Amino acid sequence: MVCVMRIAPFILLAFAACAEFPALDGAINDTARDAPYPTLVALPPLLGTQPVAADEAMTARIAALNARADRLRRIDIAALQ
């Protein structure tokens, strides 16, 4: 049974390799083929557009993580063993 499970991916891959794909030559009509390229539009910058509330929340989270790190540093590991 284990042998069949090891061979199964290869059998599935072999079946996928035998698949026939449809011809795409006639899928685009002449109007679409002769159409001009679309106009590219610049996207707004993704960084630096966060609201101030997000910056304040991040600052509070950083402070909380630093406080936790300080508490963990003060633990005497040898005393716990």
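1. Helices here are DSSP runs of H or I with at least four residues, strands are E runs of at least two, and both are numbered from the N terminus. By that count the chain has four helices and zero strands, and its pattern along the sequence reads α-α-α-α.

2. A word on what you're looking at: this is a predicted model, where local features need pLDDT of at least 70, side-chain atom pairs count only at pLDDT 80 or more, and totals for chains, interfaces and linings use all residues. Residues are numbered from 1 along each chain as its sequence is written, and side-chain values use heavy atoms, with hydrogens and water left out.

3. On burial, the terms are: buried for under 20% relative accessible area, exposed for over 50%, partly exposed in between (1.4 Å probe, protein chains only). Of the chain's 81 residues, 0% count as buried. The chain exposes about 8,400 Å², with carbon and sulfur atoms supplying 67% of that; the areas are Shrake-Rupley values with a 1.4 Å probe, and for residues only the protein chains shown count as cover.

4. Have a look at Ile7, Ile11, Leu12 and Phe15, which make a nonpolar surface patch of about 420 Å². Patches take residues with over 30% relative accessible area and no salt bridge, joining like charges within 9 Å and nonpolar side chains (Val, Leu, Ile, Met, Phe, Trp, Tyr) within 5 Å. Leu12 sits in helix 1 (residues 2-17) and counts as exposed because its relative accessibility is 59%.

5. Now the charged pairs. Side chains of opposite charge can pair when their charged atoms come close. With a salt bridge taken as a side-chain nitrogen of Lys or Arg within 4 Å of a carboxyl oxygen of Asp or Glu, the whole structure has two.

6. Asp30 is exposed at 55% relative accessibility, while Arg33 is partly exposed at 48%.

7. Another links Arg73 with Asp70, whose closest N and O atoms are 2.9 Å apart. This pair lies in helix 3 (residues 52-73), again three residues apart, about one turn. Arg73 is exposed at 63%; Asp70, at 38%, is partly exposed.
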